[in-house]
Amino acid sequence: MTRILLTYILPLVLPALVWYLWHQFRPQRPGEEKKKGWQAAPVPQLAVAGLILLVATLGAFAVLVGGDPGEVYQPARLIDGEVVPGQHSDAPGRN
């Protein structure tokens, strides 16, 4: 659940959250009527920013996380009643 939250939900919501906090706590200019809540939100721009951040996050995970090229992933398995976690190992026949 944490992985889903950090890799999918947070990048999508972060631009809107930052904008909302900025909008709530910025000083009001003289003569300016401050709209309440999300009525003043630039929703299309926030959605595009969220999607760009999501793509960048997923791209970074794809490039930075995982085994080295040529390694084979062995998924988690049950051996003698114990769960052996997944691991990366050299491909068979490689020196």
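What distance does helix H1 (residues 2-25) span between its end C-alpha atoms, and what would a straight helix of 24 residues span? In this predicted model, helix H1 spans only 29 Å, whereas a straight helix of 24 residues would span 34 Å at 1.5 Å a residue, the expected span being 1.5 Å times one less than the number of residues. Helices (H or I, at least four residues) and strands (E, at least two) are DSSP runs numbered from the N terminus. Residues are numbered from 1 along each chain as its sequence is written. Because the model is predicted, local features need pLDDT of at least 70 and side-chain atom pairs count only at pLDDT 80 or more, while totals for chains, interfaces and linings use all residues, and side-chain values use heavy atoms, with hydrogens and water left out.

Helix H1 bends by about 50° at Leu-10, and Pro-11 follows within four residues; the bend is the angle between axes fitted to the seven residues ending at a position and the seven starting there.

Thr-7, in helix H1, counts as buried because its relative accessibility is 6%. Apart from neighbours within four places in sequence, Thr-7 is in contact with Leu-54, Thr-57, Leu-58 and Phe-61. The side chain of Thr-7 also reaches the backbone oxygen of Arg-3 at 2.6 Å.

The protein chain as a whole comprises 2 helices and 4 strands, arranged along the sequence in the pattern α-α-β-β-β-β. Its radius of gyration is 22 Å, well over the 12 Å that the globule rule gives for 95 residues, so the chain is more spread out than a compact globule; the radius is taken over C-alpha atoms, and the rule is 2.2 Å times the number of residues to the power 0.38. Along its principal axes, the C-alpha trace spans about 75 × 30 × 20 Å, and 15% of the 95 residues count as buried.

In the strand region, Asp-80 lies in the loop between strand S2 (77-79) and strand S3 (82-84). Asp-80 counts as exposed because its relative accessibility is 77%, and this residue has a positive phi of about 50° although it is not a glycine.

Note on methods: Buried means under 20% relative accessible area, exposed over 50%, partly exposed in between (1.4 Å probe, protein chains only). A polar contact is a pair of N or O atoms within 3.5 Å; within protein, one must be able to donate a hydrogen and the other to accept it, and residues adjacent in sequence count only if both atoms are side-chain atoms. Contact means heavy atoms within 4.5 Å.
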